[in-house]
Amino acid sequence: MKSGSNLEKILEKGLFAVTGELGPPKGNDISVVEKKAEFLRGYVDAVNITDNQTAIVRMSSIAASSLLIQRDLEPVMQMVTRDRNRIAIQSDIFGATALGIRNMLCLTGDHQSFGNQIDSKNVHDLDSIQLIDCVRTMRDEGTILGGEEEVEGQLRIFIGAAANPFGDPFEFRVIRLAKKIHAGVDFIQTQCIYDMNRFKEWMQMVRDQGLHEKVHIMAGVTPLKSAGMARYMNKNVSGITIPGELIDRMAKAPKPAEEGIKICVEQIEELKEMEGIHGVHIMAIEWEHKMGQITEEAGLLPRPTVS
Amino acid sequence: MIKVEQKPVDEILDFLEPYNKILLVGCNACVAVCHAGGEKEVGILAAALRMARKKLGHKLEILEDCSTRQCEPEFVEELREKVKSVEAVLSIACGVGVQTVAGRFSDIAVYPGVNTQFMGETTELGVWVERCQACGNCVLHLTGGICPVARCAKQLLNGPCGGSQEGSCEIDKEIPCAWQQIHDRLKAIGQLDRMAQFIPAKKWGRESRDRGPRTIVREDLKP
């Protein structure tokens, strides 16, 4: 076991894993974390804690992850390379693992121009693939980046990364996945899938290269709340495309919110059957209280207990 | 070459406020090419400043000059006589030129008349785009001659992020994704396999910019 995390155990056992997502508060109000955490309890194997997503200042991912551990929920600490150089990154990884964080997701991060600190200077001392390489080096070689200096203690961490089959150039997307695997990633969570045809095409390329046997791929889904949200995301959220027929279906539905959940459940059912998909990452953004319903209807409950 | 833009006249007037006589000096190298700091612009800016100060009832006498290259001490030395006869110098060379003048004449204030922007290429008449950040550790041989340090908003070294859409950067549809360009270029020159090559953490600090002013010493050229 690389980390001994619940997520790692479930994936290693070949069980279909489920992760959720929790955005920390824009302040230090612990009750926000507590409330969202309770909506997720029992429905997921681990919870992604976002790292200042869309470059909006929030409680740190490490702190919110630690709060989750105190409440017996397992976090996947997200870390972006936008805000830290390699000194801060490695220091934060020491700290995070010391606090008991056993999963992390290595990301580049949205550009600061999307957020509420547009005059900030981004760092990008490392990119997300170099970050994977860095954590793997710390864990497996027992040294910090660049060589000789040994890590005091032992790092136990399950290394994740994102993949976006909907980014361009399309033919590079599988190469990028292969690069992440080569750098040492253990699991992948994909960008939200709406264009199932393109996702299937990507997965075919993944399988053709045998990559699905080298890494655990979890498919990302986000339930739509309304046709307006779908249109907005299609237009404004970087790296997301929503097919017109899906937007139409939302627009025509008498109860759009229920339709959105229905679509999400149908997607999960389809993904469960897809070769090479080892789990789903459900990002019910500001809709955490629907996680029970989604996981129940998608037949993902009860979540397994593994030792 | 180095690209600059003139500062707003009000800002320049503000720091010239205490003076009655100045030297306005341009540079006939890069800044002349980008039509912001050459001989022609010295004349235009001098006229504008004189007029503005006249309107304010506080006349400004301006001597004009333009160095061949303001980053070279021997050319800056040629300004000595004029510098002696004024109260301050306004330079519309790049930041290097301003500092060469300031370094040469220790007892006079030197002000910048332009904002130095970047090293760039003329993509069409009147349009300049950044192409090099002088990171000191060139990767262009790996990236098909297109620089991700200067042209990717995140300075990524291992391919486009998930925000690359139809050739555009996630921050603005008008900005081309540098890594899409690199991808297309590598494909065109039969080097697409480079996209799969892992580029390790870059040595920004040890070999590049974060050690104070970088210095090149060529013993073979020293007197």
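Chain B is divided into domain 1 (2–118) and domain 2 (133–223). These bounds come from an automatic or database domain assignment. The centres of the two domains of chain B, taken over C-alpha atoms, are separated by 34 Å.

This is a predicted model: local features need pLDDT of at least 70, side-chain atom pairs count only at pLDDT 80 or more, and totals for chains, interfaces and linings use all residues. Residues are numbered from 1 along each chain as its sequence is written, while chains are lettered from A and ligands numbered from 1 in the order in which they are written.

**Chain A overall**

Chain A has eleven helices and eight strands. Helices (H or I, at least four residues) and strands (E, at least two) are DSSP runs, numbered from the N terminus. The radius of gyration of chain A is 18 Å, close to the 19 Å of the globule rule for 307 residues, so chain A is as compact as a globular protein of that length. That radius is taken over C-alpha atoms, and the rule is 2.2 Å times the number of residues to the power 0.38. Along the principal axes, the C-alpha atoms of chain A fill a box of roughly 60 × 45 × 45 Å.

**Two helix pairs**

Two packed helices are described by the angle between their axes and the distance between the axes. Axes are lines fitted to C-alpha atoms, for helices over the stretch in contact, and angles run from 0 to 180 degrees between N-to-C directions.

| Helix pair | Angle | Axis distance |
|---|---|---|
| α1(B) (residues 9–16) and α3(B) (residues 39–55) | about 65° | 11 Å |
| α8(A) (residues 227–236) and α9(A) (residues 244–252) | about 155° | 8 Å |

The angle makes α1(B) roughly perpendicular to α3(B) (65 to 115 degrees). Val9(B), Ile12(B) and Leu13(B) of α1(B) meet Ala48(B), Leu49(B) and Ala52(B) of α3(B). By class, this contact has six nonpolar, no polar and no charged residues.

α8(A) and α9(A) are roughly antiparallel (over 145 degrees). From α8(A), Ala227(A), Ala230(A), Arg231(A) and Asn234(A) take part; from α9(A), Leu246(A), Ile247(A), Met250(A) and Ala251(A). This contact divides into six nonpolar, one polar and one charged residue.

**Interface**

In chain B, 25 residues are in contact with 29 residues of chain A. Contact means C-beta atoms, placed from the backbone, within 7 Å. The chain B side has twelve nonpolar, ten polar and three charged residues. Ala, Val, Leu, Ile, Met, Phe, Trp, Tyr, Cys and Pro count as nonpolar, Asp, Glu, Lys and Arg as charged, and the others, Gly among them, as polar.

Conventions
Contact = placed C-beta atoms within 7 Å. Parallel < 35°, antiparallel > 145°, perpendicular 65-115°, else oblique.
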